[in-house]
Amino acid sequence: MELKTPEQELSGFRNRIAVAAIFVLVCFGLIVARFVYLQVVRYDYFATRAEDNRISLLPVVPNRGLILDRNGVVLARNYSAYTLEITPQKVGDLEGTIDELAGIIDIQLKDRRRFRKLLDESKNFESLPIRTRLSDEEVARFIAQRYRFPGVDIKARLFRQYPQGELASHALGYISRINRKEAEAIEQNEEMAENYRGTEHIGKTGLEQHYEEELHGVTGFEQVEVDASGRAVRSLSRTPPVPGNNLILTLDAELQRIVEQAFGERRGALVAIEPGTGGILALVSKPTYDPNLFVDGIDTQNWNALNNSPDKPLLHRAIYSAYPPGSTFKPFMALAALRTGKRTPTQAIHDSGLFPFGNHVFRDDKVGGHGMVDMVKSIVVSCDTYYYILANEMGIDMISEQIGEFGFGSLTGIDIQGEARGVLPSQAWKKARFKKPEQQKWYAGETISIGIGQGYNNYTTLQIAHATATLAANGVMFKPHLVKYVEDVRNGKRRMIEPTPVKTIDLKPEDVEVIKRAMVEVNKWGTGTRAFAGAEYVTAGKTGTSQVYSLKGAKYVESEVAKHLRDHALYVAFAPAEAPKIALAVLVENGGFGAQAAAPIARQVLDYYLTGKRPAGAAQPDPDGSD
Amino acid sequence: MTDPFVLVRRGWQRFTAPIDGILMAILAALLIGAYVAMMSASPERLPAHNINLAIGLAVMWVVANVPPQRMQMFALPLYIIGVLLLVAVELFGEISKGAQRWLDLGFIRMQPSEIMKIAMPLMLAWYFQKREGALKFRDFLVATALLAAPVGLIAAQPDLGTSLLVTAAGIFVIYFGGLSWKLIAPVMLLGVALIAGIVAYEKQICADGVEWPGLREYQKHRVCMLLDPSSDPRGKGFHTIQSTIAVGSGGIIGKGWQQGTQTHLDFLPERHTDFILAVLSEEFGLLGVIVLLVLYCLLIGRGLMIALTASSLFSRLLAGALTMNFFTYAFVNMGMVSGVLPVVGVPLPLVSYGGTALVTLCLGMGILMSVQRHRKRVS
């Protein structure tokens, strides 16, 4: 590099200053271009982005409708409580955060377990409760330390509560957190997806499930300005939610309570129906469970206890379990015989206690038989031989057609989902049910036990009660239902759920009269005498015993059979006999004889419903009843 | 007997004598603008900002009174102390937010890298002054070495922003010192090619597990975020995205003072420091940005004028490099805020909140004023 004079150097420096100045202007020009691009060219886009940042549309969840019994007793309600919630996606170290939270708020092992379970089932970006029902003091403690816990917040939420506890739990059902599968189903339906933004619970079983749409209401929306952490700064506009409708049931909570107490520790089901309307007065499945356990998400311990119990408390026996109806089937068989002309009321048979058929002998309960038996006596003393012969004469398809008219083997259409259809045996049914040709064939011998409500017969307690109610109403069949009114909370207007007549079975009044008279006499000098001694009303009934275990002709001795193989006890009734207000079917699992285990429960129901008389104590089983 | 009025006037004249009126006017305009922005972005910091301003202006006044010849005496000691402190940081420094930048000297906690922003141009200008008239190519190599050592130490902390500013300050001295265009041109071309290459092969070089020689993981992350901010909208890319939204949504005339939603609803990160330009852009729009740029242009123009009329090579180079230093600050910060440069932690000069940067920049202003006062008198 050659040496420069100061003058040369200075002029070189001037050039470099000029170049630097140009460089500065060019660079600033680029910056201006960039800002023009952002602020002028793409202004609309960024202005929208800024508004999207600022404004958030928050769903305002409506209050869920209440459920009340026919007399206004509250069965399901809401209460407000604070929950501590974590949004897992916003929290790095979940366990560490929970440990730290446990330092200021009482968090127990079961809370952690429940949180884990919720986390496994959760949707994306959902906040999950780690603790529910915080005390005011706990809320204050957390608020003071909130800055330490990003992604953790206190929320005020409405909780479902079932104030009657275990009462009618199967009928009511319960709500619980929306799981992933349900969330996907909701997403499929655009309207529902919009309405369920912000909703965290959904009806899972029972009425809570069936009337979800009525109970849920319409979600409101609030436009709020939010800051970067998502906290609402101020409200801009608000569309209020429409609260869910209240359900007023046909169910009588007091009646339900009496039944549940009458069952005591026994397993079983009872369905009581108002014959003129199909309104269900009591829908009992024992044992019951506490639906409150499910609302916040049930913890593993309680869940295992309920789910693994051999008594299956979660099973809604009244509508999901089907049993052979036993002798409660006989009045319907007798009516079928009258309708088809196979019998007249006075036509009698001789019962020797045995009915040989092919190389098999069908026995009657009573050794030596009942002697001469006409139709009324066949029902009153529950004579099996009468029905063996009758069934054989009618044949399976005629029985199937006649009995099916009363709704046996069909869905009743009750307003609870998933009822069982049961089995109404017929040749066609057997052909469809079995695969191998030799199994598909119907054998005449199989028809014999069908006549006394055994064999392939399998019906839900609801179906039996439904058929009894239809008989009580002289063949007018109404759809059984639990909800009487739907009430709009805003104005108190009630919309009645009209009784839906399904059909009217074409019955001759004189035929019905015979059957009803026989059923009244059951309680006068027949199998129901002891249970209904001293009743202040005239009642019609029929006892039944449903075989769990085939004895292959041996004599059934209750004490010699394992408890879970003992017969189920049944009873059907309606009263007052002349103008029935209530019809019912009761089944006591492994209860033994119907007269002994089931009829006394029916007595308590009818006493309370018709005369207001409450049972003195626990139901006393009748020591020597027989079918 | 002297007239008290005359006394006051003389005192005032003596007080204002070292102040360059034009530079002071531009500075005042910028500081008022900064004050307005600060009142919107972070009013609770105004008391602290007032103290910073007072210290900064006092430092400026004191330095403006020091003649350039005297400053030359500080060049070597300041540079040596700076380098020693940087070594000390490397050995004993405090680690905060993943970087080792702070040194606790017992009476004061400081970032030695800040000293280098002044010490570096001072040192190089002093070196070139010493070699005046006999500058050889070898001298440029020495200058480069003098530059590289502290920059390396700062980059290792790691502090990309400061090492960039110190590098720029040194390069501008070397440039004004007369480094051959034949050498400047290839280096610039290489730089452009490097940037173009990074942009073109973003996907490959930003993939997980790819290590960049000489840069830390977080620095790689910042560059990659800039190339594709949406790849991590909740993480590092959040700054860039929210900042460009603030700028873009300001439009031509802005949303109005204290009306910026991005600013006031906390969407804008670091709104009182590195991203204060986003506040200005959101609330005063493109017009505000242009006013700011005009003020910077005037400031730089005045600084370059001062460099042109400086009395010695030392003052020329120092004035030129310090002026261009303002430009580097402004350009990098504006590029950062508008999403064209990585977020490297460079403040908006004289506007961002922050005592150290403000005092360093005021010190630079003081040097410029001193150079102007002792300029070559043109007859």
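A:Arg603 and A:Asp607 both belong to helix 25 (residues 599-611) of chain A, where they stand 4 residues apart, about one turn of the helix. In this predicted model, their side chains form a salt bridge (3.2 Å, N to O). A:Arg603 is buried, as is A:Asp607. Over all chains, the structure holds 40 salt bridges.

**Salt bridge between A:Glu200 and A:Arg157**
- The side chains of A:Glu200 and A:Arg157 meet in a salt bridge (3.4 Å, N to O).
- A:Glu200 is in the loop between helix 8 (190-195) and strand 7 (201-203) of chain A, and A:Arg157 is in strand 5 (residues 152-161) of chain A, so the pair ties together parts that are 43 residues apart in sequence.
- Both A:Glu200 and A:Arg157 are buried.
- A network of salt bridges links A:Glu85, A:Lys155, A:Arg157, A:Arg177 and A:Glu200.

**Salt bridge between A:Glu405 and A:Lys503**
- A salt bridge joins the side chains of A:Glu405 and A:Lys503 (3.9 Å, N to O).
- A:Glu405 lies in the loop between helix 18 (396-404) and helix 19 (427-433) of chain A, whereas A:Lys503 lies in strand 22 (residues 501-504) of chain A; the pair therefore ties together parts that are 98 residues apart in sequence.
- A:Glu405 is partly exposed, with a relative accessible area of 25%, and A:Lys503 is partly exposed at 33%.

**Nonpolar surface patch**
- A:Tyr37, A:Val40, A:Val41, B:Ile252, B:Ile253 and B:Leu287 make a nonpolar surface patch of about 560 Å².
- Helix 1 (residues 6-41) of chain A contributes the largest share of the nonpolar patch, 3 residues.
- A:Tyr37 lies in helix 1 of chain A and is partly exposed, with a relative accessible area of 34%.

Note on methods: Residues numbered from 1 in each chain as written. Chains lettered and ligands numbered in written order. Predicted model: local features only at pLDDT ≥ 70, side-chain atom pairs only at ≥ 80, totals over all residues. Heavy atoms only, no water. Patch = residues over 30% accessible without salt bridge, like charges linked within 9 Å, V, L, I, M, F, W, Y side chains within 5 Å. Areas by Shrake-Rupley, 256 points an atom, 1.4 Å probe, with all protein chains shown as cover. Salt bridge = Lys/Arg side-chain N within 4 Å of Asp/Glu carboxyl O. Helix = DSSP H or I, 4+ residues; strand = E, 2+ residues; numbered from the N terminus. Buried < 20%, exposed > 50% of the residue type's maximum accessible area, 1.4 Å probe, protein only.
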